[in-house]
Amino acid sequence: MKLKGLTAIVTGATSGIGKEIAYLFSKEGAKVAVIGRDNYRGAKVVETIEAAGGTAAFFNTDLTDPNAVAVMFSNISKEFDDIDIVVNCAGVVIPGTVDEISYENWENSWLTNVTSVFLVCNAVIPSMIRRSRGNILNIASEAGLKGLEKRAAYCAAKSAIIGLTKAMSVDYSKNGIMINCLCPGTIETEMVEKLIMTSNNPKITKQAMINRRSTPYLGTAEEVSRAALFLVDPLNKYITGTILAVDGGATAR
Ligand SMILES: NC(=O)c1ccc[n+]([C@@H]2O[C@H](COP(=O)([O-])OP(=O)(O)OC[C@H]3O[C@@H](n4cnc5c(N)ncnc54)[C@H](OP(=O)(O)O)[C@@H]3O)[C@@H](O)[C@H]2O)c1
């Protein structure tokens, strides 16, 4: 077990990629704080982890709200030891070009995708510095590495996560904190299912998503979780500030 005795926070763990990361980390021995806003799905994730013999607890938190994040850390500290691993996976896609996106949607995209990462890191890093160890993994996207049609707010937010990851790695590697970023390509989760089903032609939309990559298929959340495990492995003391694409070769094209 690679994460035995460690404590992990996984945001966006009520669904898709974050949920799969929470499952894998728990199988690898970590105690997992499951973060999201949906009580039903949060309880289901905890139930599944516990049924498999793992330990987890759900903390309902709107990560766009600084006060809610402070309450979340206070509640986590009552149930969990110091945090060893953080995966910032919560996110939202707001489709549209710049002239189509409302200010409210732009702000929601920025708060959910970027500010949430800042708030969580801002709260957790002091204790990691005190313990001279820690591992933070931010989930950006293929959309942070290239421009995608009708994804202006999303591309901007995911590029910001890449910049934030690099800056934090420069600041905190000397403190023993490894900070990396994963850029998934299109992964078949609820988020992508919704984008496909609400498009004008779901079949063509899905095929276009596949055509952007070298693999003739889309990725799975399990695939991304394995890359996440590789980057948060406590034996990793030299990989930091890395931006790793898990995208079926899309950004290599
Ligand atoms: N799927 C892809 O193709 C793909 C590709 C590249 C990058 N990504 C990134 O990977 C991450 C996960 O994507 P996914 O496909 O797994 O999405 P998903 O199934 O829609 O899950 C999104 C997660 O984010 C949480 N979340 C959203 N807003 C939140 C808020 N304000 N406060 C707290 N939690 C919030 C949701 O929890 P609640 O609903 O419980 O609030 C949910 O657990 C995202 O950052 C996404 O941008 C996904």
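Q: Does Trp-106 count as buried, partly exposed or exposed, and what is its relative accessibility?
A: Buried means under 20% relative accessible area, exposed means over 50%, and partly exposed lies in between, using a 1.4 Å probe and protein chains only. Trp-106 has 34% relative accessibility and therefore counts as partly exposed. Trp-110, at 31%, is also partly exposed. The model is a predicted one, in which local features need pLDDT of at least 70 and side-chain atom pairs count only at pLDDT 80 or more, while totals for chains, interfaces and linings use all residues. Residues are numbered from 1 along each chain as its sequence is written, and side-chain values use heavy atoms, with hydrogens and water left out.

Q: How many aromatic pairs does the structure hold?
A: Rings of Phe, Tyr and Trp (its six-membered ring) pair if their centres lie within 6.5 Å; planes under 30 degrees apart count as stacked, over 60 as edge-to-face, and the rest as tilted. There are two aromatic pairs here. In one, the ring centres of Phe-59 and Phe-80 are 5.8 Å apart and the planes stand at 70 degrees, so this pair is edge-to-face. Phe-59 belongs to strand 3 (residues 55–60), and Phe-80 to the loop between helix 3 (66–79) and strand 4 (85–88), so the pair ties together parts 21 residues apart in sequence. Helices (H or I, at least four residues) and strands (E, at least two) are DSSP runs, numbered from the N terminus. Phe-59 is buried, with a relative accessible area of 6%, and Phe-80 is buried with 6%. The rings of Trp-106 and Trp-110 have centres 6.1 Å apart and planes at 15 degrees, so that pair is stacked.

Q: Which residue lies over the face of Phe-80?
A: A charge sits over a ring if NZ of Lys or CZ of Arg is within 6 Å of the ring centre and within 35 degrees of the ring normal. Here Lys-31 lies over the face of Phe-80, at 4.9 Å from the ring centre.

Q: What is the order of the strands in the open sheet?
A: Strands of a sheet pair through backbone hydrogen bonds, either parallel or antiparallel. Two strands count as paired if DSSP finds at least two bridges between them. This open sheet of seven strands has the order 3-2-1-4-5-6-7, with parallel pairing. Strand 3 and strand 7 are the edge strands, each pairing on one side only. Strand 2 (residues 31–36) runs parallel to strand 3 and is joined to it by six bridges. Within these strands, Gly-36 stands opposite Asn-60 of strand 3.
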